[in-house]
Amino acid sequence: TAEAFARIDALDGEVGAFLALNKETATAQAAEMDQVPFSERGPLFGLPIGVKDNIVTEGLETTCASKILEGFNPIYDATVVQKLRAAGMITVGKVNMDEFAMGSANENSSIKPVHNPWNFNHVPGGSSGGSAAAVAAGEVPFTLGSDTGGSIRQPAAYCGVVGMKPTYGRVSRFGLVAFASSLDQIGPITRNVRDNALILEAISGVDEHDSTSANVEVPSFVDAITGDIKGLKIAVPKEYLAEGVSDAVRNSVQQAIDTLKGLGATVDEVSLPHSKYALAAYYILSSSEASSNLARFDGIRYGFRAENVANLEELYTQTRAQGFGDEVKRRIMLGTYSLSAGTYDAYYKKAQQVRTLIKKDFDDVFANYDVIVGPTTPTPAFKLGENLQDPMTVYANDILTVPINLAGVPAISIPCGFDGDLPIGLQIIGNYFAEGTVYNVADSFE
Ligand code: GLN
């Protein structure tokens, strides 16, 4: 813990990964835990972790990197935070993100941008940009992120670290500030696959506080790593290596696929025919859910409240006008529009129908294959500021990650090469609740 704080003090001025630090409490916890005999310590005992700032932490400011939550000190811990504490982990601080997890570059943080540790002129990805950069810079060995449409996997790919989006329902969302409730999942970002498996094991499981958490057994994900993938059936969707994927990404992913073949797996090309509609469906559905979830930020209950207002109506409108950033407002308007009586059938309902077809695409492939493999993103990290004026270009970055959230299946991003000084991510997608298989394939590269 002391080492993590020293490293944060030395580097974070340039990286920008941390928002609130938990120095006093964490240091006191660590000192107390030093007294516990080694025989009583589990595998995660005493290890420092950074927590994304949309996961509530008791008494530690939680802002979702939004002005509207300035000064909000939660009165309870999220289930994942409770579970990590029970496993002996120490929360050293809250990590930066895109405001309310909306973004792919961490440039929508209302507090400060995050810089990619591999090249400070490039973005770390988003929305869990702080989570990925903190691990890549060696500030902390582990962080938690959240993934609604790629927000764990895409920054993990851009920063050359390991990021897992579990099956929808695997991890409790209790205490995760909701963006799009039917898509959101919490997951670990780590330096290697085994660490990742260990942390997912600790945070998984049914929770009475989250009715969408799944009552399925949590196996040992670490034990699932056998080092043997002989005979495993791997599918490579042709849509994931199509136009828009850079040569460097295509070559690195191809090499990774050849490595898997060399280890005894069989590889076939398959099709996920509805992939081309995923991005449109995702942005309609996630914005619709966000417009409803973000209605609670009204200036009465949490954080920031506008001053000098004439009446209650103006208190609401002024708090929201001043408290939310541009991207959040864009999503609320888009979502409110697609849920309106005159447009519901054409947008929201149509997007739900597309979602069902996308889920069926995955079911069809998983009837015959163990995992699906492809790139995490079409290109490596872009330059800070490069796409600031152009939300559509940024949205296009999520084309290979959003279908996974729409279907609800698990997927990991692991490093598989470089383009110059920028890392490239390989995405390994599994069937529902088959995280163990995903980890086993991922670990075969290590
Ligand atoms: N980039 C996507 C978005 O902006 C995904 C965000 C996420 O997964 N939280 O919505």
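**Helices, sheet and loops**

Let me begin with helix 8 (residues 278-293) and helix 11 (residues 345-366), whose axes come within 9 Å and cross at roughly 125°. Please keep in mind, here and throughout, that this is a predicted model. At that crossing angle, helix 8 and helix 11 are therefore oblique to each other, and their crossing is left-handed. On the side of helix 8, the residues that take part are Ala 278, Ala 281, Ile 284, Leu 285, Ser 288 and Glu 289, and they meet Tyr 347, Tyr 348, Ala 351, Gln 352, Val 354, Arg 355 and Ile 358 in helix 11. Sorted by class, this contact of helix 8 with helix 11 has nine nonpolar, two polar and two charged residues.

Helix 8 has another packing partner that I would like to show you, namely helix 10 (residues 326-339), and here the two axes come within 7 Å and cross at roughly 100°. Helix 8 and helix 10 are therefore roughly perpendicular to each other. From helix 8 we find Tyr 283, Ile 284, Ser 287, Ser 288 and Ser 291, which meet Arg 331, Ile 332, Leu 334, Gly 335, Thr 336, Ser 338 and Leu 339 in helix 10. The residues of this contact of helix 8 with helix 10 divide into five nonpolar, six polar and one charged.

How many strands form it, and in which order do they lie? There are 11 strands, they form an open sheet in the order 1-3-2-4-6-5-10-11-9-7-8, and the pairing is mixed. At the edges are strand 1 (18-21) and strand 8 (266-270), each of which pairs on one side only. If we ignore direction, neighbouring strands of this sheet are turned by 30° against each other on average.

Within that order, I would ask you to look for strand 4 (residues 142-147), which is mostly covered, since six of its six residues are buried. Both of its faces are covered, with Phe 142, Leu 144 and Ser 146 buried on one side and Thr 143, Gly 145 and Asp 147 buried on the other. Strand 4 pairs with strand 2 (residues 48-52) in the parallel sense over three bridges, and in that pairing Gly 50 stands opposite Thr 143 in strand 4. Strand 4 is also joined by six bridges to strand 6 (residues 185-190), and these two strands run antiparallel.

Helix 1 (residues 2-15) lies across strand 1, strand 2 and strand 3 (90-95), and it runs at about 135° to strand 1. Helix 2 (residues 23-33) lies across strand 1 and strand 3, and it runs at about 160° to strand 3.

I will finish with some residues in loops. If we do not count residues up to four places away in sequence, Ser 104 touches Asp 98, Gly 125, Gly 126, Gln 154, Tyr 158, Phe 382, Val 394 and Asp 398.

Val 177, in the loop between strand 5 and strand 6, is also buried, with a relative accessible area of 15%. Leaving aside neighbours within four places in sequence, Val 177 is in contact with Asn 54, Val 56, Cys 64, Phe 100 and Phe 297. Val 177 and Gly 436, on the other hand, are 259 residues apart in sequence and 27 Å apart in space, C-alpha to C-alpha.

Definitions and conventions:
Residues numbered from 1 in each chain as written. Predicted model: local features only at pLDDT ≥ 70, side-chain atom pairs only at ≥ 80, totals over all residues. Heavy atoms only, no water. Axes fitted to C-alpha atoms, helices over the stretch in contact; angles between N-to-C directions. Helix = DSSP H or I, 4+ residues; strand = E, 2+ residues; numbered from the N terminus. Parallel < 35°, antiparallel > 145°, perpendicular 65-115°, else oblique. Left-handed = near helix turned anticlockwise from the far one by under 90°. Contact = heavy atoms within 4.5 Å. Nonpolar A, V, L, I, M, F, W, Y, C, P; charged D, E, K, R; others polar. Buried < 20%, exposed > 50% of the residue type's maximum accessible area, 1.4 Å probe, protein only. Pairing = 2+ DSSP bridges.
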